[in-house]
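This report examines selected features of a protein model. Please consult the sequence and the structure below while reading.

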Amino acid sequence: MSIRLFENIEQISSEDVTLALQTAVAQARRNLPVFTYRCQNHSSANNFYPDCDNNQWTCGFWPGQIWLAYEYTYDTVFRDSGDILVKDFLNRIISKIEVDHHDMGFLYTPSCVSAYMLTGNEEARTAALLAADQLMSRFQQTGEFLQAWGAMNADENYRYIIDCLLNLPLLYWAERETGDEKYADIAMRHTRTCLKYSIRSDGSTFHTVFMNKTTGEFERGETCQGYSHDSSWARGQAWAIYGTALSYANSGMKHHYEAFANVLAFYLSRLPADMVPCWDLIFSDGDGEPRDSSS
């Protein structure tokens with residue numbers, strides 16, 4: 001399906017890729033004066049992401065851009081800026097500033113794992129391993145999943161979301177770094193639960209899955225940010241595609257790849273003619289619904 005869908009689309013050239021990278025690096029460089037000691041807010045205001053304290057789940061994305069810019073240019077201005085933020089992220093995890101949730105991978109893989117892999121920054125390694133341990137503390141043995149948010153064991157919070165697949169590479173990295181198999185074991189167990197309950201037979205997905213706190217069994221699936229509980233939120237479906245691909249890359253397990261192919265096929269089948277999905281995949285051409293380029 002995917003080959004036929006894209007066979008008439010002109011392929012991007014190496015020149016276009018180079019130009020895009022150079023444009024992205026220039027944009028990151030222009031933003032350094034504002035964000036060297038600050039993070040970017042989760043939402044834009046007047047077409048700009050204002051600065052904020054390092055206390056949001058999205059704060060790892062900006063330092064991730066810095067490290068990508070450094071990897072492409074090896075300009076020390078990016079390394080110096082990235083190292084400043086590493087110290088801030090180390091303080092955040094040590095001081096437990098807004099880390100009582102599952103998004104440790106979103107926060108610490110782009111900011112600190114990247115820094116350590118590119119430069120050997122030991123503070124980055126320490127911060128990332130502490131973040132991996134924090135993520136492990138969200139694991140629920142009954143039901144075998146990483147609880148997304150909220151007080152552990154509270155009935156209304158006994159749930160996970162599809163996004164968490166993107167946090168798991170932090171655990172796989174921690175296993176490779178320490179040799180301790182407990183990290184990958186938790187990642188695999190969460191993935192097994194997620195693939196069993198979050199993906200419907202047609203390849204569409206629930207964004208949120210609630211589990212029974214006593215039995216560990218599936219209670220219900222919801223699409224909390226989508227159109228309805230039986231629809232598929234576009235960005236949630238994108239999390240499923242990227243997350244199952246990462247699971248396969250880290251595990252090499254065939255059924256992880258099969259899950260990836262399944263959720264991708266559904267996503268592609270719901271794309272409008274211009275290839276930009278509507279905000280929920282229950283909609284397509286002719287529905288007049290807003291598009292979601294983020295997915």
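Predicted model: local features only at pLDDT ≥ 70, side-chain atom pairs only at ≥ 80, totals over all residues.

E258 counts as partly exposed, with a relative accessibility of 41%.

Both K254 and E258 belong to helix α10, which covers residues 254–269. The two residues are four positions apart, which corresponds to about one turn of the helix.

## Other salt bridges

How many salt bridges does the count come to? The count comes to 16. One of them joins K87 to E123, with 3.0 Å between the closest N and O atoms. E123 counts as partly exposed, at 31% relative accessibility.

A further salt bridge connects the side chains of K182 and D180, at 4.0 Å from N to O. K182 counts as partly exposed at 39% relative accessibility, and D180 also counts as partly exposed, at 32%.

## Packing of helices α3 and α4

In general, a pair of packed helices is described by two quantities: the angle between the axes and the distance between them. Helix α3 (residues 61–73) packs with α4 at an angle of about 150°, and the two axes are 9 Å apart. Angles over 145 degrees count as roughly antiparallel, and α3 and α4 are therefore roughly antiparallel to each other. Their crossing is left-handed.

Which residues of α3 meet α4? On the α3 side they are W62, P63, I66, W67, A69, Y70 and T73. On the α4 side, the residues are F78, R79, S81, G82, D83, L85, V86 and F89. Sorted by class, the contact of α3 with α4 has 10 nonpolar, three polar and two charged residues.

## Packing of helices α3 and α5

Helix α3 also packs with α5: the axes of these helices come within 7 Å and cross at roughly 25°. Because angles under 35 degrees count as roughly parallel, α3 is roughly parallel to α5. The crossing of α3 and α5 is left-handed.

From α3, the contact involves F61, P63, G64, W67, Y70 and E71. From α5, it involves F106, P110, S111, S114, A115, L118 and T119. The contact of α3 with α5 has eight nonpolar, four polar and one charged residues.

## W67, a residue of helix α3

Is W67 buried or exposed? W67, which is found in helix α3, counts as buried because its relative accessibility is 1% and the cut-off for buried is under 20%.

When neighbours within four places in sequence are left aside, W67 is in contact with R79, G82, D83, V86, P110, S111, S114, A115, L118 and T119. W67 and S111 are 44 residues apart in sequence, while their C-alpha atoms are 7.6 Å apart in space.

## S231, a residue in a loop

S231 is placed in the loop between β7 (218–222) and α9 (234–251). S231 counts as buried, at 3% relative accessibility. Apart from residues up to four places away in sequence, S231 touches R200, T205, T223, G226, D280 and I282.

The C-alpha atoms of S231 and R159 are 19 Å apart in space, and these two residues are separated by 72 residues in sequence.

## Residues with positive phi

Most residues other than glycine have a negative phi. E98 is not a glycine, although its phi is positive, at about 50°. E98 is situated in the loop between α4 and α5 (104–119).

N153 likewise has a positive phi, near 75°, and is a residue other than glycine. N153 is found in the loop between β4 (145–146) and β5 (159–161). At 41% relative accessibility, N153 counts as partly exposed.

Conventions
Residues numbered from 1 in each chain as written. Heavy atoms only, no water. Buried < 20%, exposed > 50% of the residue type's maximum accessible area, 1.4 Å probe, protein only. Axes fitted to C-alpha atoms, helices over the stretch in contact; angles between N-to-C directions. Parallel < 35°, antiparallel > 145°, perpendicular 65-115°, else oblique. Left-handed = near helix turned anticlockwise from the far one by under 90°. Contact = heavy atoms within 4.5 Å. Nonpolar A, V, L, I, M, F, W, Y, C, P; charged D, E, K, R; others polar.
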